[in-house]
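Visitor: Could you take me on a close look at the charged side-chain contacts here? I would like to see which residues pair up and how accessible they are.

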Amino acid sequence: MNVRKIITFTEDTHSEGGRPVDPPARTAVVLAVIENPWAGQGFVADLLPGIDEVAPKLGELLAPRAVKALGAPVEAYGKAAIVGLDGEIEHGSGLIHTLKFGDHFRRAANATTLLPAVEKRAAAGTVFDIPLKHITDATIRSHHQSIEVRVADGPRADEIVIGLAAAAQGRPQARLAPLSTER
C-alpha cells in the first residue's frame, strides 16, 4: 500500500438555526490518498488479492486516527472511497465494503451497525459528502447526517481517496420524531 498523504479534518459547530450548540457538535474525518492498487492493469477480474493486501491495512491505519481526531466517544460514523479517473468505482468499493476494512472502525467506535458509504469516480478536488448514521441503530434519525470534504490535489487519476468520518453526537438542534411514530 502506497500512501501519498493523510488528511485530518475536524469541525466544531457552535451555533445552528440561530441558537447556540453547547457543547459544540464535533465531527472528524480522516482521509488517506493512496495509489490505486489496480492502476495500469486494465480490467482486473479478481480484485480479492488486492483487497486482502490493502483493505486491512487501511482500516488499521484510519480507524484509530478518526477516533483520536474526534476526541470523544463516537456516536455516528461513515466511510468513503473516491476513485481517480483512471480507476473503477469497484476499486474503491472493494476496499471499503469488506469487513477487513470496516471492522477496524466498528471495534474502535464500539459500533455494531453497517457503515454508510459514498463511493464514486472523480477528479482531484471534487467535493463529496460522507454520510453518517448511529453506531448501533441506523434508524435513529437524529444521527443521519453528512459531512462535506475534499482533497485539493486528490485523487490523482491513479489514486483513491479512502476516508472515515465520525461524529460525537447527532445533528445539532435535531427535531425529527422517532421512526416509530410513522408506523
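Guide: Happy to, and let us start with Arg-106, which is buried at a relative accessible area of 11% (buried means under 20%, exposed over 50%, partly exposed in between, with a 1.4 Å probe and protein chains only). A word on the source: this is a predicted model, where local features need pLDDT of at least 70, side-chain atom pairs count only at pLDDT 80 or more, and totals for chains, interfaces and linings use all residues. Residues are numbered from 1 along each chain as its sequence is written, and side-chain values use heavy atoms, leaving out hydrogens and water.

Arg-106 forms a salt bridge with Asp-103, their closest N and O atoms being 2.9 Å apart (a salt bridge is a side-chain nitrogen of Lys or Arg within 4 Å of a carboxyl oxygen of Asp or Glu). The two are three residues apart in helix H3, so about one helical turn separates them (helices are DSSP runs of H or I, at least four residues, and strands are runs of E, at least two, numbered from the N terminus). Asp-103 counts as partly exposed, at 23% relative accessibility.

Helix H3 also holds Lys-100, whose partner Asp-52 lies in helix H1 (residues 48-70), 48 residues apart. Asp-52 is partly exposed at 34%, and Lys-100 is partly exposed at 36%.

Elsewhere, Glu-159 and Arg-4 meet in a salt bridge of 2.6 Å, N to O. This pair links strand S7 (residues 159-167) with strand S1 (residues 3-16), 155 residues apart. Glu-159 is buried at 5%, while Arg-4 is partly exposed at 28%.
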